[in-house]
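My notes follow in the order I looked things up.

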Amino acid sequence: MKWLKRKDKKRPNYSSKRCPNCATELPLRMTVCLECKQKLGEVDRYGIAKKPTDWKAYTICIIAWTVFIGYVYWAFIYKKT
Ligand SMILES: [Zn+2]
């Protein structure tokens with residue numbers, strides 16, 4: 001029964017998923033919880049929706065660090081030459 005296990009792991013056979021925040025059952029295609037407005041990702045193998053990666057926050061963080069490092073470089077290294 002190895003093949004069956006592998007298949008189950010790859011594609012969980014759930015018809016609904018649970019919100020990780022408030023445990024409300026929601027249809028699989030929902031991307032936002034109806035109860036608490038939490039953003040939802042795909043269902044995991046326990047039937048609970050994953051929290052999607054917040055790419056916007058990551059991007060803002062990376063840009064902020066790039067600007068900061070760029071400023072430090074400009075202020076302390078570039079001026080000396
Ligand atoms: Zn919820």
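**Helix H2**

I began with H2 and its length. At 1.5 Å a residue, the 24 residues of H2 should span 34 Å, and its end C-alpha atoms are 32 Å apart, so the two values agree. I kept in mind that this is a predicted model. Next I asked how many of the 24 residues of H2 are buried. The count is zero, and H2 is hardly covered.

**Overall layout**

I then stepped back to the whole protein chain. I found two helices and two strands. Along the sequence they follow the pattern α-β-β-α. I looked up burial for the chain as well: buried residues make up 7% of its 81 residues. For contacts with a separation of 6 or more, I noted that 28% join residues 24 or more positions apart.

**The core**

Which residues form the largest nonpolar core? I listed five: Cys19, Cys33, Leu40, Val43 and Ala49. I followed Cys19 further. Setting aside residues up to four places away in sequence, Cys19 touches Thr24, Leu26, Cys33, Glu35, Cys36, Gln38, Leu40 and Ala49. Three names in that list, Cys33, Leu40 and Ala49, are also core members.

**Two positive phi values**

I checked backbone angles next. Phi of Ala23 is near 65 degrees, which is positive, and the residue is not glycine. Ala23 sits in the loop between strand S1 (16–18) and strand S2 (25–27). Is Ala23 buried or exposed? Ala23 is exposed, because 11 other C-beta atoms lie within 10 Å and the exposed class takes 12 or fewer.

I placed Lys37 in the loop between S2 and helix H2 (55–78). Lys37 counts as exposed, because it has 10 C-beta neighbours inside 10 Å.

**Glu35**

Glu35 lies in the loop between S2 and H2. With 11 other C-beta atoms within 10 Å, Glu35 is exposed. Which residues does Glu35 contact, leaving aside neighbours within four places in sequence? I noted Cys19, Cys22 and Thr24. I also looked up a distance to Ala23. The C-alpha atoms of Glu35 and Ala23 are separated by 9.4 Å, and the two residues are 12 residues apart along the chain.

**Asn13 and its distances**

My last stop was Asn13. I found Asn13 in the loop between helix H1 (2–10) and S1. It has 9 C-beta neighbours inside 10 Å, so Asn13 counts as exposed.

To Val43, 30 residues apart along the chain, the separation is 9.7 Å. Val43 is one of the core residues I listed above. To Gly47, 34 residues apart along the chain, the separation is 8.7 Å.

Gly47 is in the loop between S2 and H2. Why is Gly47 classed as partly exposed? It has 15 other C-beta atoms within 10 Å. Buried would need 20 or more and exposed 12 or fewer, so 15 falls in between.

Terms used: Residues numbered from 1 in each chain as written. Predicted model: local features only at pLDDT ≥ 70, side-chain atom pairs only at ≥ 80, totals over all residues. Helix = DSSP H or I, 4+ residues; strand = E, 2+ residues; numbered from the N terminus. Contact = placed C-beta atoms within 7 Å. Core = buried A, V, L, I, M, F, W, Y, C linked by C-beta atoms within 7 Å. Expected span 1.5 Å × (residues − 1).
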